[in-house]
Every structure is written in structure tokens, then in C-alpha cells.
Amino acid sequence: MTGPDGIPARPLPISARAPGKCVLFGEHAVVHGCPELVVAIDLPTQVFVRAAGRVALNSDPRAAETHPYFRAALALAWRDRPAIDVRSVTRIPRSAGLGSSAAFVGALGAALAAGTGGLGRAELAQRAFEIERSAQGVGSPGDTSASVAGSYVALNGGGGEPLWSVGVGSDRWTVRRVDDPRWTWVVAYSGIPRSTADAVRAVGERLARPDGPSILARFDEVARAGIASVGRGDRRETGELLRRNQELLREVGVSHPRLEALLGAASPVSDGAKITGAGAGGSIVALPVPGREGELVRLLARAGALPFVVRAEPAGAALVEAPDTA
Ligand code: PMV
């Protein structure tokens, strides 16, 4: 049973798509059980999967061994199946904190689920998390759940209707829906790639120090308030909470002079802004003053970043029903 909202069974070739994401509140702290708010953004990844003589990703036959997410997806979702050729196309910069791996895993997970009889959406969220965790070694299911669910989702607290609970081993996270305030956001990639796993480990060490629990308590409070303020569409309070979340990210050591410069550039035309994702490079997210999105994009581009105007993507991972060209 895939349920009305699940991924239906399809024969190959299959095309599927999933959105990238942006963390608005609670990154890093979520790994330690605190709340997080993530929004799926309208920067998608699309995959095309077809039967082939040998396994390949974007024409690279070694990818089944060398690409950690592709290798994990094949092991968990395509074991002992005939060879497939996968093409992946995306607008999301890699290693930028904008969910390129979650979108790849969400889209490929949906396509492989369709090719193996279909899957319910909660089961796809669990599988996408397992694939990402197996490739990355650390982290929470925030990115993969947002990519599979679409729109705004909260982990570990706040939010409304529960969508699912996902986990590995004894670690579990409950994922809930948060109302979409229909805001426009601007995300901007600094051009500095970084490793999520390294940043998560470094923050884990920082939080193991004696003041770790009190820092986590502040992350918890800011994220809980942030989830509520976004859910009721309160821009002013959300902007203030984004700033407070940024202070905490600075305190745990994941800011970077380039990111601080971008936050400074964004500030005159934003209601609030912060790093998004693991930090130590990567991207920022800003809530533009309504009507000044274009100005914000120009300021960020002039400061050396790659900006994108984004909105919540309501559709999570889904099959792309192509015209009958097979
Ligand atoms: O991979 P990124 O940069 O989008 O970071 C994700 C957010 C973290 O909380 C740092 C890690 C995680 O898996 O939750």
C-alpha cells in the first residue's frame, strides 16, 4: 500500500523530482534532540532512471563505488536489481547547505521506490534518511524529510499535524507540518564549500563542554519560538529570532568572516538573516523586506555571493509524469 500520497509503482524509465531545502531555525541543535524548522525550496533536483547495460550516474560507471549517496541508494533501494543508468540535473549548488544531497536522495529514492512496486511517503522519508545517514555518517532527518514532504516541516517540537517519525537505531525524530506563511526568502551561497559531517562533529565537541546544555537550551527556545512565529506569519518576530539563532551559531563556531560579510550586506533590506545549514562556509538565508527582494539579490551578488530568490515548494519528492516517449 502506498497510500493516496505515496509513490506509485511504475515501470522504467522513470523520472522523479525533489526540492532542495533551507534550515530556518535549529540546525546543529536538532542533531542533539532540539527543534528545527526546515523549508523545502523551489530549487529542484530531477533524476531520470532507465534500464542499461551497466550502472552509471551521469555517464560515470565508477559512481556506484565512488559517489557515497548513489552507492547508498543502490544498496538500500535497488539491491539485486538489473543495471540502471541515472541522470541527475539540479539547480542547487553542491556542499552549499541548500539540500543538494537531500534532493538527490529524495528524487532518486522516489524513482527507485516507483521501480520496485511503490512506497508510502512516510516510508520514503525513512528510506531517504537512511540513505543520507549511511553516506554521511552523522546528522538528522530534517533535510530529507523536508525534501520528501515539501513546504515547511518542524522536527522535535512545535508544528501541527505529525507527518511521520523517522530514525536510526535509538535516535528518533518526529516530523510535523508547519503552516506556510507564503513568504519569499533569499538564500545566497558564499562559494565556500564545507563538509556537513565535519561541522556536525566540531559542534558536537563544542556542545560537550560544560556550558553545552545551556547553549542547547537557548537553541531550543529560539527554534520553538521561530516555528510558532513562522506558523502564524509574524515577520517581525521571525526576523528577530533569525538574528538570535545566528548569535548561537556564532557561539558554537560555525560562522565565517565571508558569511558575516554577507549577513552585513543583507541587513539594510532584510527583516532578519542567518547562516543556513551546517555553516563554516555554505549559505545564508534572509527574509527580505517585502518589495526589496531584487535589491537584496544585487547587494548579495555585489558582496560576492550566488543569490537565489526562493519560495516554499509545496510538492515534496514526486514522480515526473513525462509524455509517453519510451
Ligand atoms: O548539510 P547542511 O549544511 O544542510 O546541514 C544540515 C543541518 C545540520 O543540523 C547541521 C545537520 C543535520 O543533519 O541536521
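Trainee: Which residues of helix α8 are buried in this model?

Mentor: In this predicted model, the buried residues of α8 are Arg235, Thr238, Gly239, Leu241, Leu242, Asn245, Gln246, Leu248 and Leu249. The general idea behind such a pattern is that an α-helix has 3.6 residues a turn, so residues three or four places apart point the same way.

Trainee: What covers the buried residues of α8?

Mentor: The cover includes two helices, α7 and α9 (257-266). It also includes the strands β1, β8 (184-189), β9 (270-276) and β10 (283-288).

Trainee: How does one read the length and the ends of α8?

Mentor: One sets the span against the value expected at 1.5 Å a residue. Helix α8 has 17 residues and reaches 25 Å from its first C-alpha to its last, close to the expected 24 Å. At its start, a side-chain oxygen of aspartate 234 comes to within 3.3 Å of the backbone nitrogen of arginine 236. After the helix comes glycine 253, with a positive phi near 90°.

Trainee: Which residues does arginine 235 touch?

Mentor: Arginine 235 lies in α8 and is among the buried residues of that helix. Leaving aside residues up to four places away in sequence, arginine 235 touches Trp183, Asp271, Leu287, Pro288, Val289 and Pro290. With one of these, aspartate 271, its side chain forms a polar contact of 3.0 Å.

Trainee: What span does α7 have, and what follows the helix?

Mentor: Helix α7 (residues 212-231) has 20 residues, and its span of 28 Å is close to the 28 Å expected at 1.5 Å a residue. It is followed by glycine 233, whose phi is positive, near 75°.

Trainee: Is glutamate 27 buried or exposed?

Mentor: A residue is called buried when its relative accessible area is under 20%. Glutamate 27, in the loop between β1 and β2, has a value of 3% and is therefore buried. A polar atom of its side chain lies 2.8 Å from the backbone nitrogen of glycine 277. Beyond four places in sequence, the residues that glutamate 27 touches include Phe219, Asn245 and Leu249.

Trainee: What does alanine 16 touch?

Mentor: Alanine 16 lies in strand β1 and is buried, with a relative accessible area of 0%. Apart from neighbours within four places in sequence, its contacts are Thr45, Gln46, Val47, Ala107, Ala110, Ala111, Ala318, Leu319 and Val320.

Trainee: How many residues surround the ligand, and which are the closest?

Mentor: There are 14 residues around the ligand, and the closest are Lys21, Ser140, Arg194, Thr196 and Ala278. One then looks for polar atoms facing each other. A side-chain N or O atom of threonine 196 is 2.6 Å from an oxygen atom of the ligand. A polar side-chain atom of aspartate 143 lies 3.2 Å from a ligand oxygen, and for a backbone N or O atom of alanine 278 the distance to a ligand oxygen is 2.7 Å. Taken alone, the ligand exposes 380 Å², of which the protein buries 96%.

Note on methods: Residues are numbered from 1 along each chain as its sequence is written. This is a predicted model: local features need pLDDT of at least 70, side-chain atom pairs count only at pLDDT 80 or more; totals for chains, interfaces and linings use all residues. Side-chain values use heavy atoms; hydrogens and water are left out. Helices (H or I, at least four residues) and strands (E, at least two) are DSSP runs, numbered from the N terminus. The expected span of a helix is 1.5 Å times one less than its number of residues. A polar contact is a pair of N or O atoms within 3.5 Å; within protein, one must be able to donate a hydrogen and the other to accept it, and residues adjacent in sequence count only if both atoms are side-chain atoms. Contact means heavy atoms within 4.5 Å. A residue is near a molecule or strand if one of its heavy atoms lies within 4 Å of it. Accessible areas come from the Shrake-Rupley method with a 1.4 Å probe; for residues, only the protein chains shown count as cover. Buried means under 20% relative accessible area, exposed over 50%, partly exposed in between (1.4 Å probe, protein chains only).
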